[in-house]
Amino acid sequence: MALIRLYMTTSLDGYVTGPQDILDTPMGIGGFRLFNWLDRRNDPGPSGQVYAEALATRAVISGRRTYQHADRWQGDHHDGVPVFVLTHNVPGDPPPGSVRYLTDVRECAAQARAASGRCRVPGQAAPSCSVRLAPALYVDS
């Protein structure tokens with residue numbers, strides 16, 4: 001069974017964006033500094049390792065807000081892998097690329113695991129979505 005691992009860049013005081021984050025400024029004021037590690041994504045060390053792990057996956061789980069603030073990754077997070085967006089309400093417009101909207105957390109986890117084979121599935125979500133996803137991460141065997 002595929003392991004689902006939650007990834008989140010967080011400041012030491014617990015924030016995932018700068019203040020006043022909206023769709024026009026998705027990282028808020030000064031929030032992009034939380035992602036400065038991406039500048040070293042091709043270097044050896046922790047930044048390169050985290051980035052390589054993210055690209056070695058065959059499916060991605062995201063919360064709706066993260067997905068929207070990332071400009072929907074233009075329909076492709078990386079390499080055409082399916083993106084499973086956990087949301088309270090499915091939007092009326094069809095999702096781009098390989099994106100699928102799901103409202104049930106266990107179904108979201110099950111579909112992502114099935115799509116990934118035995119590879120890891122990164123969950124990239126804000127804390128509220130991560131809390132919803134957490135119970136579906138572990139399944140009795």
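Reader: How do the side chains of Arg72 and Asp93 meet?

Author: A salt bridge is a side-chain nitrogen of Lys or Arg within 4 Å of a carboxyl oxygen of Asp or Glu. In this predicted model, Arg72 and Asp93 meet in such a bridge, at 3.1 Å from N to O. Arg72 lies in the loop between α2 and β3 (83-86) and Asp93 in the loop between β3 and β4, so the pair ties together parts that are 21 residues apart in sequence. Here helices (H or I, at least four residues) and strands (E, at least two) are DSSP runs, numbered from the N terminus.

Reader: How many salt bridges does the structure hold, and is Asp21 buried or exposed?

Author: The structure holds 2 salt bridges, and one of them joins Arg65 to Asp21, with the closest N and O atoms 2.7 Å apart. Buried means under 20% relative accessible area, exposed over 50%, and partly exposed in between (1.4 Å probe, protein chains only). Asp21 counts as buried at 18%, whereas Arg65 is partly exposed at 45%.

Reader: Which residues do ring pairs link into a cluster?

Author: Rings of Phe, Tyr and Trp (its six-membered ring) pair if their centres lie within 6.5 Å; planes under 30 degrees apart count as stacked, over 60 as edge-to-face and the rest as tilted. Ring pairs link Tyr67, Trp73 and Tyr101; among these, Tyr67 and Tyr101 are both buried.

Reader: Which conventions apply to the numbering and the values?

Author: Residues are numbered from 1 along each chain as its sequence is written, and side-chain values use heavy atoms, leaving out hydrogens and water. Because this is a predicted model, local features need pLDDT of at least 70 and side-chain atom pairs count only at pLDDT 80 or more, while totals for chains, interfaces and linings use all residues.
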